[in-house]
Amino acid sequence: MKKVSFIALLLVLVLVIGIFASGCAQKPGDQGNNNGDVNLDDDVNQGDDQTPGDETGDDETGEDTDVTQSKYYGYDYPEGETVTLWSQNFGEIWVNHFSEQVHQYNLEGRGYTIVEEFVAGAAWDERMNAARASGTAPDAYIQSYNHIPAGIRNGYYVPIDDYISKDIIDRMVDIVREMVTFDGKTYAIPILAEPSAVLYYRKDILEAAGYTEPPKTWDELIEMAVELKTDDMYGIGVPYWGGEIGWSTWGMQYGNVGHGPLTDNWDEPWIDDGYREFLEFWKKLYESGAVPEQPLSAYVDIKPMGQGDYVFQICGSWGVSFLINDYPEMWPNVGVAVMPTNDGNQEKTTATIGGWVYVLDAKAKNPEGVADYFTWLLDEAHPERLGQYHVGERFSKAAPFTNVAQWLETQAPADADYVAVINKIASYGQPEAAYPWEISMAIDRMVENVAMGYEDIDTAMEIAREEIAQVIQDYELAGTNPRKK
Amino acid sequence: MAKKTRKHKYTAIQRKEMVIGYLMLAPAVLLITIFVVIPFIMSIQKSFYEWNFYKEDVWVGIQNFRRILRNKSFQRAVVNAFKFVLILVPTQIIIQFSFAHTLKDLNSKFTNAVKMLIYIPGTIAGIIAGIIFMFIFEYKGGLINQMVVALGFERIAFKTNKFWAIFSIAVPTIWLGLGGGTILNFAGLINIPTEFYEAASIDGANGFHKLIYITIPQMRNIFVLQCIGMTTGTLQMFEIPMMMTGGAPRESTLTPMLYIYNGFRNAGGNMGDTLSGALLMMSIIAIINSFVFTIIKSEKSIEG
């Protein structure tokens with residue numbers, strides 16, 4: 001009996017310890033050198049479907065509900081037809097700014113009442129698809145630039161030209177207009193544009209090691225990372241496979257390889273020797289030990305840099321506002337630079353320009369109301385209506401309208417050197433890929449195969465060619481490139 | 001002797017009871033029809049079309065099925081699912097049976113406490129378990145890696161190493177199923193007549209003999225039930241792989257449900273592909289279940 005009781009006691013102990021142990025692991029947001037590295041939503045997004053459209057949501061706010069209403073929800077506005085807008089919840093700055101703009105618009109009583117809801121990023125696709133299925137999609141909603149071609153193909157959006165004045169379209173920055181125009185029709189109202197790849201580096205560590213400037217070539221980046229990493233600090237934070245490399249390296253491919261993975265007519269794979277050099281870079285990154293065996297966060301998350309876990313981190317320009325706002329003590333030690341390139345030439349594409357636009361739903365009940373709101377928001381005489389959002393985001397994104405960009409120049413602090421860097425990257429930027437996501441995933445897998453040593457470079461390239469050819473055949477892509485020059 | 005067959009005549013009371021019975025069944029039938037039967041039939045119909053809610057449906061025949069069957073990621077996901085079945089089903093059955101067997105033998109005041117503690121994981125949703133184990137398996141701040149580093153070893157990359165990625169999915173899955181499975185086994189064990197063991201003891205059987213010749217045969221129905229439930233559950237695994245690895249590395253932990261979910265999320269994708277994948281998985285699961293029923297013939301279940 002005593003033996004049996006002992007076993008029982010032991011079992012109880014094991015289970016109790018197990019349950020407590022599960023709660024003792026360090027939480028992701030904890031501060032200090034042993035900081036956790038995983039944000040729940042980031043990890044969810046590391047699924048193989050992560051696209052630029054997944055780069056936000058409640059990652060940034062810690063919101064645990066799917067929908068956030070404006071703080072003015074339920075306010076008694078002058079009577080008007082209801083217009084529904086959905087946006088992702090891109091954080092407090094976004095929600096507060098656009099809630100305020102909608103509030104001001106509604107107060108003017110222009111015959112429409114805007115109701116905007118802010119949906120958590122992780123729940124966005126499910127909600128949108130469910131709303132489309134049930135015919136309850138909002139009149140207009142946020143999308144990332146790279147979703148526009150597929151949305152047009154699927155008939156989800158209608159052009160805005162019939163509703164928005166030409167003056168607004170003419171005020172769009174050239175590259176932005178290019179990104180929202182297909183077959184001569186304008187399909188979206190841009191809100192921001194941001195380079196998808198920027199090199200963040202620790203100024204203090206580089207200076208202490210005698211470096212006066214950040215690396216310009218891939219080789220320099222790897223050498224410096226290997227030299228400067230310590231037991232407590234990894235060399236470089238890079239995008240991870242499973243989707244991140246698929247989209248975050250579009251710019252690297254265009255600039256360094258010289259083209260994307262498809263021919264201009266989309267009728268054949270275009271995986272040539274340019275990709276060989278690109279793959280060698282990824283191979284060296286992992287072989288040299290410059291990068292951790294497993295990334296400390298999702299690509300979109302700059303937190304490890306803020307917490308001092310990396311010497312270098314590659315992330316989009318949005319990282320600036322997070323570092324300034326969330327890690328003010330670390331920010332003075334962080335520099336922002338153009339992504340290194342294969343040959344050191346930084347006057348070429350190193351990043352695509354991503355960001356967010358509003359599209360008009362093909363079944364919108366009130367497209368005139370949507371147009372009236374955006375006409376008000378983008379009024380040439382009031383650049384601050386959109387511009388103040390960019391101020392809140394610390395000028396980390398490019399304004400998509402010329403008048404707003406000019407207004408922002410008058411607002412930027414004199415010591416904000418990073419603004420010039422971001423603008424330089426943006427000036428060489430290219431639109432995000434318009435080809436189907438499956439193509440980007442083939443590139444993602446090709447890089448994983450080489451970087452992790454599963455395949456040699458030739459075999460990995462051949463596998464990618466076969467996969468891309470299959471996608472071309474399956475989706476009948478030949479001749480369908482909407483941006484064919 | 002030939003049986004006389006004659007048409008059964010229901011009495012007035014029986015007919016009244018039948019009406020009441022059907023009325024009581026009606027809400028369930030109605031709900032199942034609305035939420036299961038009609039969507040199922042619609043799904044089959046839609047799987048032969050290219051559709052996306054906004055455009056006219058276009059008849060494409062079996063193209064959606066051909067496309068999904070040719071898709072390398074989906075193929076890998078199906079193979080992965082079967083690997084997980086081979087790993088998880090026997091492991092879970094053995095662990096749950098062992099725990100239940102130990103519990104049965106305890107016969108002490110701690111038994112209830114142990115049962116309660118074992119059952120706790122069963123009350124936790126898969127997504128919550130995923131979060132708990134993400135913290136445990138984290139690369140830099142996770143409990144396991146903190147211990148590994150403290151012991152002087154290199155951190156374990158649970159997401160980039162194939163073996164550890166599978167391990168990081170297997171552990172939470174086993175942990176989640178432990179409670180329900182152990183209680184089920186425990187119920188089965190206490191249901192075995194003690195006379196069998198007493199008789200065996202008189203005949204000189206030892207513990208091992210009793211286990212092999214009495215306990216395991218008597219538990220056959222429980223094992224069949226578990227086998228079917230676990231196989232189905234494992235083939236449909238979604239939350240844990242999504243939370244722990246997202247299908248990485250090299251899609252070695254991508255499961256069919258995770259693939260289908262990603263396809264549904266992808267706004268640019270054709271819903272027909274996704275639907276075809278879901279229907280194919282449903283067919284595979286139905287075939288597997290029938291197969292398991294066939295190869296594990298339980299005398300009791302046959303006897304009813």
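I call a residue buried if 20 or more other C-beta atoms lie within 10 Å of its own, exposed if 12 or fewer, and partly exposed in between, with C-beta atoms placed from the backbone.

With that I looked up W331(A), which is partly exposed because it has 17 other C-beta atoms within 10 Å. A note on what I'm using: this is a predicted model, where local features need pLDDT of at least 70 and side-chain atom pairs count only at pLDDT 80 or more, while totals for chains, interfaces and linings use all residues. Residues are numbered from 1 along each chain as its sequence is written, and chains are lettered from A and ligands numbered from 1 in the order in which they are written.

Back to W331(A). I found it in the loop between α14 (319-326) and β12 (334-337) of chain A; helices (H or I, at least four residues) and strands (E, at least two) are DSSP runs, numbered from the N terminus. Leaving aside neighbours within four places in sequence, W331(A) is in contact (C-beta atoms, placed from the backbone, within 7 Å) with L323(A) and I324(A). K348(A) is 17 residues from W331(A) in sequence, yet they are 27 Å apart in space, C-alpha to C-alpha.

Next, chain A as a whole. I noted 20 helices and 14 strands, and 54% of its 485 residues count as buried. It is divided into domain 1 (52-194 + 354-412) and domain 2 (198-350 + 435-474), with bounds from an automatic or database domain assignment. Eight residues from domain 1 and nine residues from domain 2 make the contact. The C-alpha centres of the two domains lie 30 Å apart.

Last, a helix pair. Helices α19 (residues 437-451) and α20 (residues 457-474) of chain A pack at about 165°, axes 9 Å apart; axes are lines fitted to C-alpha atoms over the stretch in contact, and angles run from 0 to 180 degrees between N-to-C directions. That makes α19(A) roughly antiparallel to α20(A), since angles over 145 degrees count as such.

Key: Contact = placed C-beta atoms within 7 Å. Parallel < 35°, antiparallel > 145°, perpendicular 65-115°, else oblique.
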